[in-house]
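Visitor: I am new to this structure, and I would like to be shown around it with some care.

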Amino acid sequence: MSDGHPRPGPTAGDGVPPGPRPWPGGAPGADPSYGQYASYEQHGQYAWNQEPQQYHQAHLPHQHQHPEPVREFHHAPSGWPEENGLPPQAQEFQQPYPTHPGRIQPTYGHQQPQEAHGLQYPYPAQQDFLPLQAHGPQRAQQTQQAYQAYPSHQAAIAEPRVPVGAAEAVAADDPAQSDDEGAAPEAARRARRGRKADPGTSGGRRAARSADETEAGPGPAGGPAGAPTAQQVPRGGRRAARLAGRASPQAQGETEAAPPEQPGRKAARLARGASPQAQAQAQAQGRAARRARGASPQAEGVGQAGAAAAQRRRRAGAEAAAGRGAARRHRWAGLVKVVALCAATAATGMLVLRGNEALAGLAAHTPAVAPPPATGAVPDPGRIVQVVAHPDDDLYFMNPDLRYSISAGHPVASVYLTAGEADGINATPAKGATTAPDKPAYAEARQNGIRAAYAKMATGDRTSAWQRTVVPTKGGGHAEVDVLVAKPQVNLVWLQLREAGHGYADVPDSLHGLWNGKVARLESMLSSGTPVKQRFAYSKDQVVQTLVGVLEQYTPTTVRFQDPTPGRYPDTKQYTDHQDHFYGARFVQMATAAYAKDVKGRPHFAVQNYVGYFNGSLPSALDPQEAKEKLDSLDTYAWLDRQNHCGSNAGCGDLKVSDKPAGNRWTDTVNYARGTGTDWLTSDKDHGLWAFKVLDGQVAVWHRSGPVGPWRGPDLLPGTGMDPGAGAVTLKDGRIAVFGTRTSFGARPADYKREVVYTVQKQPGADGFGEWQSLGTPEAADETWTSDISAPAVSVDGTGQLAAYVRDGAYGLRGRVQQPDGGWGPWEKLGGEDLHGAPVTAIDGAGRRMVLSATSKTVVGWAQPKPGAPLGRVTATGLPDTTLPLTAVGREGGVRLWFRKPGSGNVRTALMTADDGLKVNNMTDLGGLNGFGSVTASGHVLAGRTAGGQLGSEVGPGRPWGRSPLMFVGAPSSTTTGRNMVSLAVVGLDARLYVTSSADAPDAYLAPWQPVGPRNAAP
């Protein structure tokens, strides 16, 4: 964004001078391609008191991740001179890290082990990392961990676990086991139970250590004497021998005096042949011996009892060994019972949970009240790749999401398409005329500002060190990759292409010109301090392949980029966003489609798009504290203090924006361009649940059959090119219809199109859906309004009539209505002006349809006079300005609307009625945990994004808002299930569905969040 150029339309005139930009040439580079980076694995648990920021410390997660082994580049160029395996330009910037000898890393996906050779990957070598090599086959060794484990917060996500105390319950109820172990010291039993419950858990190990120490008791210095050897103890009894080794000296003397026991199957055969009296005597001797081993050294007569026990053991001989063999069989039987009880308990627990849910949902009068949420396994944080056109677009338009992810320790890689060199003048507008232009130096200064801003967000220190390295790209050029040494999960990738230098003017040497075919190749613009020394140029396909290669390296589960269809201003017809922003986003669109289609063994991924310049014309979405945090990052980037903290002659930030770091109010707000609908979760007549979200450019379906059935999914419906956001509606016959928009690229650049599509369930409750059908678009051509239509708002009125509505590129409302024969009428113009975001629609108690839409100053609406009739005229509601987006649900005889208060994030609501015209009743401020974006509402449950990025919820009027640990993509969704149950769902940053539920009662609580399906790996 803020590249010092005139803003389009009303956002122009922020004091930055316009002007054409000359471009230096460059030679094409080599033709290498990427391999794969690493995925990241969650370690640790949440620690709720670790959040250092301004939000409530009891709620914000700060889960820091340990990265998994880094995946490797492959297909590297063969023509570089090498010295110690590094090209000359890489050696200067590569920082050596000691490797851990003797460890071979696993391979990932289709990758084969390779010999170490060539360009080192920029990550510092650490435990769980592979040093990235660029040349030839590699066999990389696992490297030594160079940073400390980060604390992370505990999440309320339940995973299957063995019930605590199951082993103790079995032991207490097992007569054989209690007979054999009843005389043993209590501490020893605790130790054995700790190991049986979970040998791999810290709790089990602590219990064992505690028991060992307790059993040892006070004794003479120098430790126990005469502990039995392995040969003296039958197989399976060595742990008991070690415990006995810490017993009192008197009890040890008894063990010393005993002859070696006869182990194994022969002892068992002797036991089976012994007389009942001998067996009873052997068992009694065993109990006496164990009592003696656990006796206190202070007890009188222990030595005599030990000697007598030893004599009896010598007389018993093989019978005593046989008795212990029988006891071992009892213990094995007890262990089998433990395992069986654990499995039964887990199954019973799931049945009870789902049974309670079903009963609560179907109960007519006495809804069950769930207990407060329990804690469980930590959700997968996912991996985030975000792609922007210029340095600072991420700070202006993706924050605070960017800061939330960095603060939570999520792996984040930010990719910059252009160098952002602008006119090469790194000065305020007042000093621009007297400052000599230097494009490479200005590009370097902007990079320095970004590095400082990220370092401060991640570590609190803007001077925190970065490691800068050059890597080959899949498109045939080279990229700079910067790794934050203190937090190596934070990466910056600089592709360094030339920027347009103007927001909307015709500049052939630009991403816009490359997309439209005005130039065959776009040349690089290398910053003055970059380790990339070889110039290159990309064709349109090479840009796409370069981005595909980046996605292959980082295997993201969430991809963030700018709005590919921002629209034009109605009066001037200028773009509402910088042309680099939305044509860069179109390159990313094409790359994600190719990545989803061609790359196998990757995880699912979701997409989030962001509004750009036009944010300055909309109400502020952030509360003052969030806006201040966002501005702080821009202050760092703008280099306000002019101190040379980075040690660069180019400068440590972008002075063009230093007079006004907030831009055109861009630091006061953030808005998602797509995926804001809250109607993607729905229920069916059998109380089953259906969820629909877009993953990998296809609509993913999750389904739970009935109120207690198992979940399945995600299953991807056939058909690609789906944009973020899908909405579901139940038709008159009980089938579910899913609506969304689809982008197609076409053979020519002008063929780019975004259209409304839908699919219908084949039968009510069935898993199958029909083919996608197109409703087209009200836009005549992409060039007219940049294909700027909203997601469709869909509803079925009281007569069963289905209708779909969109905001068009001219900021008015358009609609299509389904006819009785199943066909559709044309796109009708329904009026309205200055509409923004997506409209919403719902049905009131009389079966009448209402449609509502936000403007920059208020909310306007349309209503049917009766079911089946056309919509009435657009009507002003008189509501104050609201942030985007809106949520509407039919209830209380009307349609209730939810929205947020500008500059606050508080949730507001108003009831809309259509009797005698559209009216507003009783607007109420419900408070909340600040935040921004969509609010979902069903029954007594309200939920939405909070300050900090997690999901917040209110489960009853007047009750305090709670905060979950979940960070998520797009909007939450909720629905009522049965007569008295509410279900709530989000898709996390790991592209995984999470669901919870609650009885629809004033004093109810949300159940623990449940992830659906396995952790997100390969599709």
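**A guided look**

Guide: The protein has a mean pLDDT of 75, and 63% of its residues reach 70 or more, where pLDDT is the predictor's confidence in each residue, from 0 to 100. This is a predicted model, in which local features need pLDDT of at least 70 and side-chain atom pairs count only at pLDDT 80 or more, while totals for chains, interfaces and linings use all residues. Residues are numbered from 1 along each chain as its sequence is written, and side-chain values use heavy atoms, with hydrogens and water left out.

Visitor: How many contacts does the stretch of residues 4–276 have beyond near neighbours in sequence?

Guide: Over residues 4–276 the pLDDT is below 50. Where pLDDT is low, the predicted coordinates should not be read in detail. With contact meaning heavy atoms within 4.5 Å, the number that this stretch has in the model, beyond near neighbours in sequence, is 644.

Visitor: Which side chain of opposite charge is nearest to Glu-779?

Guide: Glu-779 is buried, that is, under 20% relative accessible area with a 1.4 Å probe and protein chains only. Glu-779 has no salt bridge, a term for a side-chain nitrogen of Lys or Arg within 4 Å of a carboxyl oxygen of Asp or Glu. The nearest side chain of opposite charge, 5.9 Å away, is that of Arg-814.

Visitor: Which backbone nitrogen does the side chain of Glu-779 reach?

Guide: Among the residues that Glu-779 touches are Trp-785, Asp-808 and Gly-809. At 2.9 Å, the side chain of Glu-779 reaches the backbone nitrogen of Gly-809.

How values were computed: Buried < 20%, exposed > 50% of the residue type's maximum accessible area, 1.4 Å probe, protein only. Lys, Arg positive; Asp, Glu negative; His and termini not counted. Polar contact = N/O pair within 3.5 Å; in protein donor to acceptor, adjacent residues only side chain to side chain. Lists of a residue's contacts leave out its neighbours within four places in sequence.
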